[in-house]
Amino acid sequence: MKQSLLPASLKIREWFYSLFIRQNFFFLKTPFLVCIATATGSSLFAFNSDERNTVEITTALSVNNTDKPTIDTTDKLSISGKVTDSHSGEPLPAVNVIVKGSQTGVTTDANGVYSLTVDNDNEILIFSFIGFKTYEIAVNGRIRIDVSLESDVRELKEVVINAGYYDVTEKEKTGSIVRISEKTISRQPIANPLLALQGQVSGLYVEQANGIPGSNVSLQIRGKNSLQNGTTPLIVIDGVPFTSETMSDIRSSSSFYATVGASPLNNINPADILSIEILKDADATAIYGSRGANGVILITTKKGKPGNTKIDINFNSGISNVAHYEDLLNTQQYLAVRRKAFKNDELTIEPYNFDVNGQWDTTRNTNWQKKFIGGNAKMTNLQVAASGGTEMTQYNVSGSFQRQTTVFPGENTTGRGAIHLSVNNRSKDSKLNMHFTTDYINSRSDYVGSDFTATAMTLAPNAPRLYNEDGTLNWENSTWENPLSALEAGFDSRVTNFLANGIVSYDILNGLKIKVSGGLNQLQNTDKRTLPSTIYDPAYMVTSAESQVILTSSENKSWIVEPQAIYDRQIFSGRDKIQLLLGGSFQSQDKTSQTTTYTGYPSNNLLGDFNSAASVEVSAYNPSEYRYAAIFGRVNYNYKEKYILNLTGRRDGSSRFGPGKQFTNFGAAGFAWIFSSENFMKWNFMSFGKIRSSFGVTGNDQIGDYKFLNTYSSLGGSAYQDISALIPTRLFNPDYAWETTNKFEIALETGFLNDRIFLIASYYSNRSSNQLVDYKVPITTGFHSIIRNFPAKIENSGFEFDLNTVNVNKKIRWTTSFNISFTRNKLIEFTNLESSSYANIYVVGKSLSLIKRFAYQGIDATTGIYQFEDKNSDGDITAADMEKAVEIYPKYYGGLNNSISYKGFNLDIFLQFVKKNASSHLSSFFAPGNPANQPSDILGAWTPENPTATTQRYTVINSDANNAYNNFLSSDQTIVDASFVRIKNVSISYTLSPKWINGIGCRVYIQGQNLITFTKYKGLDPETATSSILPPLRTIVFGINITL
Amino acid sequence: MKVKILSLLLALQAILSCQEFVEVGVPENQLISSTVFEDETTAQSAIAAVYARLANNSGNVSSVTFLSAFSSDETVCTSIGTDSDMSQYYNNSLQDTNARLQELWDFNYITIYYTNSILQGIETSRRLSTSLKNQLRGEALFIRAFCHFYLANLFGDIPYIKTTDISVTAMPSKNTRTEIYSQMIADLSDSKSLLAGDLSVSNSEKTRVNKFVSAALLSRVYLFNEDWVNAEAQSTEVINETSLYSLETELDNVFKRNSSEAILQLPPSGRAKYTNDANMFLNTPFSYLSEELMDSFDPTDQRLTKWTIQRNIGGLEQYSPYKYKDTPTNTGTVNEYSMVLRLAELYLIRAEARAHQNKILGAGGAEEDINPIRLRAGLEGIEISTVGEFLAEIGQERRRELFTEWGHRWLDLKRTKTVDEILSAVKPGWNETDEIYPIPRAEVLLNPNLN
């Protein structure tokens, strides 16, 4: 209800404005209001202005003729004002303004202006906006309330952290918990939320298995506590544990995923995530008991906020490609190497040596990397979200769609649609609180069955063309298997993921609350792999009678119910705080998967029709059930906000253990001393200081179900002469028991110069014993492994540093955050190591990631073949000579982020770094001279004339040379430095001034991922450290974000 | 207050029910092991699984048949395709990290574990009939010996595994050749004595081990052990069982299902209508028959036309084995089974055993055994009286008769100690040490006793 302007001159308006608003002369309000009232004839004015200081009359109120302008309390009071950013002075649109304790709420318009009505002048207004500190102010009879909000980025201490069963502020936390906010996630163009964590969190090591969208991601929090398996942290989404195991089946899966599987976390939309918390130490994880040993990752999805409906539309689109290609031989070099190899081996070129005998055009030269992995993958994202609500009920709803393709030839797309809904409600007396969230994600992908990277690397450069002129596959007179025949195969993967959870809490008594949270997750995956006969060379006359369709359907259903009682109160008249928590947890997970093979079709056009298959065979059927029950508790005592003691405990039972071994106890104690609150520690430059420490016991039950049972199961699909077949299921072990990890941590948190410099330094030491592992055994036992408790003690220790600084905080704001983790891993004890299967693998006192290799000794001067130390002096180089220990574990890793903002501009540059060793890129190739292409660094091999070469003589078939090459790849010489510094992410965004487009918030951005990598590593990529799988891709996207 | 008490009660209830809550039953796709051998049907299923494994492996890409043919002078590896592990067999430059080597090793030891698991199950079983127990024991013992036979002949000294006890099987030491052979003989003798001498168990097919199957392998083991008397005795026992076994007169019928010559044959795996052998040799571009093998045939030898076929491999006209003719294009009935043991081999074993005992001519002489094989192939009978020459001729006959079957050529070259002499002449990469396949590195690392 804006009315016309005051007929006064601009000067007067400016004066009013500066007097009332800029100078904060509110204490003078009474006389001035009277004065204005007189001047305008019993009307009061409130002012609003934009940058040009135009003053508008927004509301007029009647004033009594007394000396104090009292407002008629029976009438409502209209208040208006403007909200600005304290740091830039820019108006802030879309700020939520609500009246405390009521359902009244509005949001500011494009000019930062709001107006609302309150019932009386004692109300309190709450201003909140993402990224800014929430501000409360009492109305006190004012009608004009202008507010400038302070950005809360620096207020680390006040950030509320989700610790799973309870919340805690950064200031008062006793454990090691890191929070990654929506902001960090949203500036990265990634499809899997786990990838957003790469390099961001000290102590968390995230590795991408390959560059194919959807592939698995490996996570390790504070090192390998377990030997081979079960090192994945527990992932909990809105209170519901989420599977981190891949659901792919090797038979039906696209072979992209064959070794690593598809990551289930692909089925979580990163744009719906509000925050991710990483729980590291005993204090934070012991309440998760048996599943806390590897750390816990808590994902919290977005919730609604009070205020007017806000629509947020985000669209981006971009491309991904391979950032670095390997330098390979061209045809001329390749043929020279081959011919030399034949000469060295005194071998004649045979009719089947197509690459060198002229069958293949020896003048052809193709860059296969360009052909197979040189494409541009396209990526498009659209997200539409609406949120809002009243003080009592808020909602957040979003829908999104994402589409991605690959760099490979052929059509390969994956699409994902997601719906997120979150509703909060509380009763008028605030006693009953309810919260519900559901997510539904549906994805589909049709990647073909191959990663062409290995082919791109090793295919001879003079190999024939891929397609004939008529567009059909070229089989070059049956002299090769055309790699693109893989494109004839089909793959169709469909995943639906349904997540729902609800929390209901009720305050029974003063400070006592009961709460029940429950959730369910249903993840369904159907993979269909189609292998038509056209994948074979037509010369072999394979018909559709051999065509196959392999179908895997799997379903993972789980539910969880956790009743809890929470007691929270201040004692000794507010000096101390006590918090008690007692809860129970009941969880159930049912998994089934079935793989069916359909063989023999009348025509390849009927592969879609299962009914047409001549034979149907169930190749695998795996049901499993997992039950888990626990009681847990927490006692937290906060003395004068200086000393905080946090005790947590849990008694756990898991169906994964045999009778009598199902239950065990875990617990931890954490302590924090906020010494900056002590009087004797009041220094000016130090604004915050805290020492915290914790120790406790956590466990691990990631071993799979039923491993204690001695059973027979069906030999998938096979029968013999109509008798169904039963095989022993496993090497069973009824006696294995809980594995435990003792964790200790001590940390110092300090803030300087009003927390503009904030440093956290921590040291941890985790000792795992009674390791529950898939103990490797030789196949003479009938199996490759047995589940048992490892008679070893393993220590993971390390230092972690997190530094956050605000370098400039003027019109330009520049902040830096840096983290680095130094890790160490040591085998402390191993009973009877010498006589165990691990005698050749581990050394007591050394790291677990140490690997034993042949000791390289150069090239033999007479034979030109690699030589190695004959450790046991038996005259032969055998596996027993692999005694040279080499370390491959990352020594340190971390990230550095710089964030600069100026007016509407934001620039973020994030560097990730890792110091590690890995297998040389040569491991992806064959011995030089074999019929496969090579990296160019094998040129200039040994000859009698070139005795100082680093590559041994070329060979085709010579056993000694081939063996030596094989050993070379297993020697210390081929463990190389694979450290790297990567410009992981650059994000540039510009927020258009709202007044330009009629109040619509608009932000445009460019984001780049994996832009440049600095490394000495010669292969495609140091992270995957191989040249046979697709490296993480470089991605650049452009986007626009509109807020209504 | 009521709410409080109620919630307390609920919590208490919850805690009490924890124990029950975390107990899950046996999954619906598994049977408790001890019950498997208390029921006739499930006990039969346990042995069926072992046969199914053998059937699945026989003639496939990681079988003795396919791989050892490369190692000897039987087949040539074309290097077409993506499987580089095959060419290591062909070039006799087998590395201990070769995936196909690991598969070969794993297959046999896993099968051995299954047989030991059955033997152990029968031992403690109370409800199975004695006759079924005997039959299952006999079959399991045979298969255990059979797997060890190939392990020992491919890898040299290896551990002979007789138990499922992990404290024994996790770190076993190698047994010597003598130990292995005496254990094989013991197992096979036991097996033979436990089994019936008919085809009742297998519905008149030759798909299960019976007394004569054990005798047949036993005779081979004696031959390899140079125990000529026993080799002759065991083979005679089989050859004399004419009601069950006789040489096929038509070469085309030898590898047919239920051929009269078959002693043990394995049906195609699953629902396939063709043998793995045919699939590998006729349906893939990986191999073709070597010039040396082709040249060893007399031009009039019927086996040349009936058991080999010319086909285009990588633009080259080459010959492939054609003993098995049905490829995956066959969707009708199953006509062929993969042969494991057949009577022709028994004749050749006896011929050799007799020759070594200097029994060559006349009744009960080696000549009587080799000539039926030659005549069937359209050749003339031989008349050689000197032992040396005769043995050399048997070697050639075995090569021509048994080519691309279960690595016979490779094993024979090693057994007769001619491998070095013969292969060094035709294989450019040949080394004396290539005679023994290396034990997979992964296994040596897990069990240093295998070094």
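Two residues are in contact if their C-beta atoms, placed from the backbone, lie within 7 Å. The model is predicted: local features need pLDDT of at least 70, side-chain atom pairs count only at pLDDT 80 or more, and totals for chains, interfaces and linings use all residues. Residues are numbered from 1 along each chain as its sequence is written, and chains are lettered from A and ligands numbered from 1 in the order in which they are written.

**Exercise 1.** Determine how the axes of α3(B) and α6(B) are oriented to each other, and list the residues in contact.

*Solution.* 
Step 1. Helices are DSSP runs of H or I with at least four residues, and strands are runs of E with at least two, numbered from the N terminus. In chain B, α3 covers 40-57 and α6 covers 99-124.
Step 2. Axes are lines fitted to C-alpha atoms, for helices over the stretch in contact, with angles from 0 to 180 degrees between N-to-C directions. Those of α3(B) and α6(B) come within 10 Å and cross at roughly 165°.
Step 3. Angles under 35 degrees count as roughly parallel, over 145 as roughly antiparallel, 65 to 115 as roughly perpendicular and the rest as oblique; α3(B) and α6(B) are therefore roughly antiparallel.
Step 4. From α3(B), the residues A46(B), I47(B), A49(B), V50(B), R53(B), L54(B) and N57(B) meet F107(B), T111(B), Y114(B), T115(B), I118(B) and G121(B) of α6(B).
Step 5. Ala, Val, Leu, Ile, Met, Phe, Trp, Tyr, Cys and Pro count as nonpolar, Asp, Glu, Lys and Arg as charged, and the others, Gly among them, as polar.

**Exercise 2.** Describe the side of chain B that touches chain A.

*Solution.* 
Step 1. The contact takes 86 residues from chain B and 87 from chain A.
Step 2. Elements of chain B that each supply at least two residues to this side include α1 (2-21), β1 (30-32) and α20 (441-446).
Step 3. The largest share, 10 residues, comes from α3(B).
Step 4. By class, this side of chain B has 42 nonpolar, 35 polar and nine charged residues.

**Exercise 3.** Characterise the overall fold of chain B.

*Solution.* 
Step 1. Chain B has 20 helices and seven strands.
Step 2. Its C-alpha trace spans about 110 × 50 × 50 Å along the principal axes.
Step 3. Of the 451 residues of chain B, 54% count as buried (20 or more other C-beta atoms within 10 Å of the residue's own, C-beta atoms being placed from the backbone).

How values were computed: Buried ≥ 20, exposed ≤ 12 C-beta atoms within 10 Å, placed from the backbone.
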